[in-house]
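Me: I have a structure open and would like to understand it step by step. Could you take me through it?

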Amino acid sequence: MKDRNILDTVIEFEKQIEAMQQQFGAFKQFIALMMEEQQALQTENLHLRTRLEEVIAQQPTVEKNSAAPDVGEGYDNLARLYYEGYHVCHVHFGSTRKDEDCLFCLAFLNKQNG
Ligand SMILES: [Zn+2]
């Protein structure tokens with residue numbers, strides 16, 4: 001009778017370990033998802049930071065009258081951002097396009113290029 005109790009205890013313990021393994025698996029998936037999301041946010045943040053620095057650098061200043069405005073490079077950067085999946089239009093600037101073309105962006109890029 002005592003042995004029977006021990007066996008029950010061992011079986012119960014095994015069930016608990018299995019349940020914990022399942023929970024741990026779900027937890028690992030959650031961590032992986034969070035890491036992926038963090039990576040995406042870091043990438044987006046980097047793009048936005050780069051773009052912000054470009055915008056600041058391109059601000060017309062009275063003192064900066066020697067260099068001609070580099071329109072081509074500014075356009076290239078915006079076009080690159082757009083094709084990397086970000087809005088460059090004033091309406092949604094900096095947000096992801098989710099693989100959809102944006103008429104505002106296209107019109108804006110067209111105007112910049114022309
Ligand atoms: Zn857009």
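Me: How are the donor residues of the zinc ion spaced in sequence?
Reply: The donor residues of the zinc ion follow the spacing H-x1-C-x12-C-x2-C. Two of them, C89 and C102, link distant parts of the chain: C89 and C102 are 13 residues apart, and each is in the loop between helix 2 and helix 3 (103-113). Helices here are DSSP runs of H or I with at least four residues, strands are runs of E with at least two, and both are numbered from the N terminus.

Me: Before we go on, what kind of model is this?
Reply: This is a predicted model, in which local features need pLDDT of at least 70 and side-chain atom pairs count only at pLDDT 80 or more, while totals for chains, interfaces and linings use all residues. Residues are numbered from 1 along each chain as its sequence is written, and side-chain values use heavy atoms, with hydrogens and water left out.

Me: Which atoms coordinate the zinc ion?
Reply: They are ND1 of H87 and the SG atoms of C89, C102 and C105, at 2.1 to 2.4 Å. Donors are N, O and S atoms within 2.8 Å of the metal (3.2 Å for Na, K and Ca); water is not among the atoms, so sites may look incomplete.

Me: And what is the geometry of the site?
Reply: The site is tetrahedral, with angles of 101 to 120° among its 4 donor atoms. Four donors count as tetrahedral if all angles lie between 85 and 135 degrees. The ideal angle for four tetrahedral donors is 109.5 degrees.

Me: Are C89 and C102 buried or exposed?
Reply: Both C89 and C102 are buried. Buried means under 20% relative accessible area, exposed means over 50%, and partly exposed lies in between (1.4 Å probe, protein chains only).

Me: New topic: how many helices and strands are there?
Reply: The protein has 3 helices and 0 strands, giving the pattern α-α-α along the sequence. Of its 114 residues, 19% count as buried.

Me: Where is confidence lowest, and where is it highest?
Reply: Confidence is lowest in helix 2 (residues 71-83), with a mean of 80, and highest in helix 1, with a mean of 91. For the protein the mean pLDDT is 84, and 88% of residues reach 70 or more. The pLDDT is the predictor's confidence in each residue, from 0 to 100.

Me: How many salt bridges are found?
Reply: The search of the whole structure finds 4 salt bridges. Such a bridge is a side-chain nitrogen of Lys or Arg within 4 Å of a carboxyl oxygen of Asp or Glu. Among them is R4 with D8, whose closest N and O atoms are 3.7 Å apart. Another joins E54 and R51 at 3.1 Å.

Me: Why are R4 and D8 about one helical turn apart?
Reply: R4 and D8 are about one helical turn apart because they lie 4 residues apart in helix 1.

Me: Is the E54 and R51 pair buried or exposed?
Reply: Both E54 and R51 are buried. By contrast, R4 is partly exposed because its relative accessibility is 48%, and D8 is partly exposed at 35%.

Me: What about R97 and D101?
Reply: Their side chains meet in a salt bridge at 3.7 Å, N to O. R97 is buried at 10% relative accessibility, whereas D101 is exposed at 62%.

Me: Last one: what does H47 contact beyond its neighbours in sequence?
Reply: Leaving aside neighbours within four places in sequence, H47 is in contact with L81, E84 and Y86, where contact means heavy atoms within 4.5 Å. H47 is in helix 1 (residues 2-58) and counts as buried because its relative accessibility is 19%.

Key: Four donors count as tetrahedral if all angles lie between 85 and 135 degrees; four count as square planar and six as octahedral if opposite donors are over 155 degrees apart and all others between 65 and 115; anything else is irregular.
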